[in-house]
Amino acid sequence: MSNPTIRINPRQEQIIRLVRSQGYVSNEDMAQQFDVAVQTIRRDIGFLAEQGLLTRHHGGATPNSTIENIAYNERQILNLKAKDAIGHCAASLIPDRSSLFINIGTTTEAFARSLGGHRDLRIVTNNLHVASLISGRPDFRTVIAAGELRPKDGAILGAAAIETLDSFRTEFGVIGVIGISGIADDGTLLDFDLNEIQCARTIIRNSRRVLLLADHTKFSRQPMGRVGGLADIDDLITDRPVSDAFQALLDAANVTLHIAQTSQ
């Protein structure tokens with residue numbers, strides 16, 4: 001995991017693993033977990049950031065990759081309660097007999113699981129896992145995008161997928177954590193993969209109302225591909241309050257913020 005020429009202590013090794021698994025960890029949380037002073041954690045983070053092993057932020061740290069997303073099997077278990085709460089909150093915004101896009105990602109899968117109480121939905125998706133989750137509902141009409149299947153996470157991508165998505169207009173577009181893998185401080189919506197970006201843009205373009213589902217870790221990640229901006233979405237559903245500065249950006253873009261309540 002680390003460069004063998006760099007000498008790091010066991011705590012710093014654990015810090016790297018923790019940050020890579022959770023996406024963002026505050027200095028206070030790390031100090032509590034490792035039973036050391038916050039100042040000690042700050043020194044560790046500073047050293048590890050200098051070595052290029054993570055990215056230092058005010059109050060915490062994140063992984064430093066801008067070109068690669070966390071593996072799907074890891075994302076399935078990260079922030080699971082938050083994703084379930086976000087999915088449930090987002091589902092409450094969808095009326096019966098609605099039409100909607102659902103894109104790829106573990107949070108959109110949590111959203112799909114929360115649609116059990118809905119009736120007569122028309123769904124277009126490029127997420128094979130989403131299609132499987134709703135396949136038993138005879139009153140749901142589901143269109144699965146054509147294209148190339150990515151086995152590791154059930155994503156359907158490529159030119160054929162984009163063409164399928166572009167053939168529909170829906171009332172709602174539900175974008176999750178892969179279609180949008182990060183949110184910059186200025187509200188820019190970011191992702192790692194060009195194919196995912198193109199599919200997300202197509203969904204945004206063809207939806208009357210766009211719901212962005214993003215847990216709090218997405219506010220600290222910095223993928224390098226630009227999907228769009230806050231002006232492209234209508235609702236942001238997340239699990240923690242945002243900063244005053246980010247709330248001002250949401251207000252300026254007329255985006256409604258929804259804070260999902262997670263169970264303790």
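1. Strand E9 and strand E12 (residues 207–213) run parallel and are joined by five bridges, where helices (H or I, at least four residues) and strands (E, at least two) are DSSP runs numbered from the N terminus. Within this pairing, Ile 175 stands opposite Leu 212 in E12.

2. Before going further, please keep in mind that this is a predicted model, in which local features need pLDDT of at least 70 and side-chain atom pairs count only at pLDDT 80 or more, while totals for chains, interfaces and linings use all residues. Residues are numbered from 1 along each chain as its sequence is written, and side-chain values use heavy atoms, with hydrogens and water left out.

3. Strand E4 (residues 99–102) also runs parallel to E9, to which three bridges join it.

4. E9 (residues 170–175) is largely enclosed by the rest of the structure, because five of its six residues are buried, where buried means under 20% relative accessible area, exposed over 50%, and partly exposed in between (1.4 Å probe, protein chains only).

5. These strands belong to an open sheet of seven strands with parallel pairing, in the order E6-E5-E4-E9-E12-E14-E15; two strands pair if DSSP finds at least two bridges between them. Strand E6 (141–144) and strand E15 (256–259) stand at the edges with a single partner strand each, so one side of each is left without a neighbour in the sheet. From one strand to the next, the twist averages 20°.

6. Helix H5 (residues 80–91) lies across E12, strand E14 (235–238) and E15, and runs at about 145° to E14. Here contact means heavy atoms within 4.5 Å, and axes are lines fitted to C-alpha atoms, for helices over the stretch in contact, with angles running from 0 to 180 degrees between N-to-C directions.

7. Helix H6 (residues 106–113) is mostly covered, since seven of its eight residues are buried, among them Glu 109 and Phe 111.
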